[in-house]
Amino acid sequence: MVLLSNEQSHAPVIPEHLIENCLKGDKQAERQLFDALAPKVYTLCRRYFSCDSTAKDLLQECFIRLFEQLPKYDPKRGSFGAWSHRLCTNVVLQKIRKQKRSKIVLIFQEDLPETAVEEEEVFDDLPKEDI
């Protein structure tokens, strides 16, 4: 199957029947959709994360989310290319936010005094059924 490219964004134009087949659970259609979108999605991931393994993990997360959310796609509200790009951008931005939060936690943990209470000590005082 040859997918055409949109002149303005160079994004592949995804035929409606391919999306419909994906919704029916057609694995070959899912593979074709992945093959058509993966280069653009991977480029988006690398734009924000220079680490190749992180970008590949994000690529996988994007497609998991895309296939989960595919039933919510409404062609009346916009093109599939725009919808999928927004969805993947949101996945990438969530990863960035998550990393920022984890860095903040690490900074606070580094500032804790050496005599901080160990986690096990906190749970020692609780009844066993509460743990």
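The pLDDT is the predictor's confidence in each residue, on a scale from 0 to 100. The protein averages a pLDDT of 81, and 69% of the residues score at least 70. Over residues 1-8 the pLDDT is below 50, although this stretch has 17 contacts in the model beyond near neighbours in sequence; a contact means heavy atoms within 4.5 Å. The structure is a predicted model, in which local features need a pLDDT of at least 70 and side-chain atom pairs count only at pLDDT 80 or more, while totals for chains, interfaces and linings use all residues. Residues are numbered from 1 along each chain as its sequence is written, and side-chain values use heavy atoms, with hydrogens and water left out.

The overall architecture comes next. The protein has five helices and zero strands, and from the N terminus on its elements run α-α-α-α-α. Helices (H or I, at least four residues) and strands (E, at least two) are DSSP runs, numbered from the N terminus. Among contacts between residues at least 6 apart in sequence, 50% join residues at least 24 apart. The accessible surface comes to about 9900 Å², and 53% of this surface belongs to carbon and sulfur atoms; such areas come from the Shrake-Rupley method with a 1.4 Å probe, and for residues only the protein chains shown count as cover. Of the 131 residues, 24% count as buried. Here buried means under 20% relative accessible area, exposed means over 50%, and partly exposed lies in between (1.4 Å probe, protein chains only).

Which residues have the most contacts inside the largest nonpolar core? They are I14, L33, L37, V41, C45 and F80, in a core of 26 residues. A nonpolar core is a set of buried Ala, Val, Leu, Ile, Met, Phe, Trp, Tyr and Cys residues joined through side-chain atoms within 4.5 Å. Two or more residues of this core come from each of α1 (16-23), α2, α3 and α4 (80-110). The largest share, eight residues, comes from α2. Leaving out residues up to four places away in sequence, F80 touches I14, I19, L33, L37, L66, L70 and Y73.

L58 is buried, with a relative accessible area of 0%. Apart from residues up to four places away in sequence, L58 touches C45, F49, V91, V92 and K95. Between L58 and C88 there are 8.8 Å in space, C-alpha to C-alpha, although the two are 30 residues apart in sequence.

Charged side chains form a further set of links. A search of the whole structure finds four salt bridges, each being a side-chain nitrogen of Lys or Arg within 4 Å of a carboxyl oxygen of Asp or Glu. In one of them, the side chains of E30 and K27 meet at 3.5 Å, N to O. E30 and K27 are three residues apart in helix α2 (residues 27-48), and therefore separated by about one helical turn. Are these two residues buried or exposed? E30 is buried, at 18% relative accessible area, whereas K27 is exposed, at 61%. Leaving aside neighbours within four places in sequence, E30 is in contact with C22, G25 and F67.

Two other salt bridges involve D52. R46 forms a salt bridge with D52, with the closest N and O atoms 3.3 Å apart, and K56 forms one with D52 at 3.2 Å. K56 and D52 both lie in helix α3 (residues 52-69), four residues apart, which is about one turn of the helix. Salt bridges that share partners join R46, D52 and K56 into one network. R46 is partly exposed, with a relative accessible area of 34%; D52 is partly exposed at 31%, and K56 is partly exposed at 46%.

Aromatic rings make up the last set of links. A pair of aromatic rings is described by the distance of the centres and the angle of the planes. Rings of Phe, Tyr and Trp (its six-membered ring) pair if their centres lie within 6.5 Å; planes under 30 degrees apart count as stacked, over 60 as edge-to-face and the rest as tilted. The structure holds five aromatic pairs. In the pair of Y73 and W83, the ring centres are 5.4 Å apart and the planes stand at 55°, so the pair is tilted. Y73 lies in the loop between α3 and α4 and W83 in helix α4, so the pair ties together parts that are 10 residues apart in sequence. Y73 counts as buried, at 11% relative accessibility. Ring pairs also link F34, F63 and F67 into a cluster.
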